[in-house]
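Student: Could you walk me through how to read a few features of a protein model? I would like the general idea each time, and then the case at hand.

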Amino acid sequence: MNTLSPGFHGHTRPRSDRLPPGQYPTEQFPVLSAGPTPEVPTSTWEFTLTGTEGERLRTWDWAGFGDLPQEEPTVDIHCVTRWTKWDTSWRGVSVDVLLEGVDTSASHVMAESYGGYTTNLPLADLTGGRAWIVHTFDGLPLPPEHGGPARLLVPHLYFWKSAKWVSGLRLLDRDEPGFWESVGYHMYGDPWREQRNRSD
Ligand SMILES: Nc1nc2c(c(=O)[nH]1)N[C@H]1C(S)=C(S)[C@@H](COP(=O)(O)O)O[C@H]1N2
Ligand SMILES: [Mo]
């Protein structure tokens, strides 16, 4: 008999049920960067929410970001190069908090990074407690090679959607390809449906 307690969370499911098709589990934390690791001091770090007309809606500096309510998600991550890492623990701010009170008809978002990386997502996938801007991994400041000082974390999509060195979110009226999407990666990237390439 299956009993789901009120406190049931995804990460209490057995790991065998948490391996998407075509993935293998790893204990390592591989580094995958398309270019050099940008140096982003927290003294000059900014995170900007930009509207569909290019207007600056909100900006946080490092101190202001730290004053926002923080969450500690523990989630599985799935890279399109086929590794899955279970139960990764992070600390950061829910994107719901950043979008609070923003009135928009935007359908999509471009995540933008220091260094120029971009990746596109439906706005709905960043809300509902499913996406965070994280600055801490395993209780320690996020190392630069993994996206520190802060990265996007969207664990329900392939990990290329989790932009490292994130500098902001730009609201879009329609879907537009980001960096990997423009060279053939899937526009959405659901690991459970193996949406690796545009043709999947
Ligand atoms: N800014 C930026 N973010 C990025 C990337 C990148 O090259 N630049 N690579 C993506 C890819 S393909 C993956 S799998 C993950 C890798 O994150 P990791 O290096 O912390 O494992 O970051 C994603 N975010
Ligand atoms: Mo990746």
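Student: By class, what does the lining of the largest pocket have?

Tutor: Residues are sorted into classes: Ala, Val, Leu, Ile, Met, Phe, Trp, Tyr, Cys and Pro are nonpolar, Asp, Glu, Lys and Arg are charged, and the others, Gly among them, are polar. Here the lining of the largest pocket has 19 nonpolar, 7 polar and 2 charged residues. This is a predicted model, where local features need pLDDT of at least 70 and side-chain atom pairs pLDDT 80 or more, while totals for chains, interfaces and linings use all residues. Residues are numbered from 1 along each chain as its sequence is written, and side-chain values use heavy atoms, with hydrogens and water left out.

Student: How much space lies in the largest pocket, and which residues are the closest to its centre?

Tutor: On a 1 Å grid over the protein atoms alone, a pocket is an open set of points where a 1.4 Å probe fits, with protein on both sides within 12 Å along at least five of seven lines; lining residues have an atom within 4 Å of a point. Grid points are joined across faces, edges and corners, and the volume is the space filled by probe spheres set on the points. In this model the largest pocket holds about 510 Å³. Of its 28 lining residues, Leu-32, Ser-33, Ala-34, Tyr-117 and Trp-180 are the closest to the centre.

Student: Is Gln-195 buried or exposed?

Tutor: Buried means under 20% relative accessible area, exposed over 50%, and partly exposed in between (1.4 Å probe, protein chains only). Gln-195 counts as buried because its relative accessibility is 9%. Contact means heavy atoms within 4.5 Å; not counting residues up to four places away in sequence, Gln-195 touches residues including Tyr-158, Trp-160 and His-186.

Student: How many salt bridges does a search of the whole structure find?

Tutor: A salt bridge puts a side-chain nitrogen of Lys or Arg within 4 Å of a carboxyl oxygen of Asp or Glu. The search finds 11. One of them joins the side chains of Lys-161 and Glu-181 at 2.7 Å, N to O. Those two residues lie 20 residues apart, and both are buried.

Student: What about Asp-190 and Arg-193?

Tutor: Their side chains also meet in a salt bridge, at 3.0 Å, N to O. Asp-190 is buried, with a relative accessible area of 13%, whereas Arg-193 is exposed at 53%. Elsewhere, salt bridges that share partners join Arg-15, Arg-18, Asp-76 and Asp-87 into one network.

How values were computed
Chains lettered and ligands numbered in written order. Helix = DSSP H or I, 4+ residues; strand = E, 2+ residues; numbered from the N terminus.
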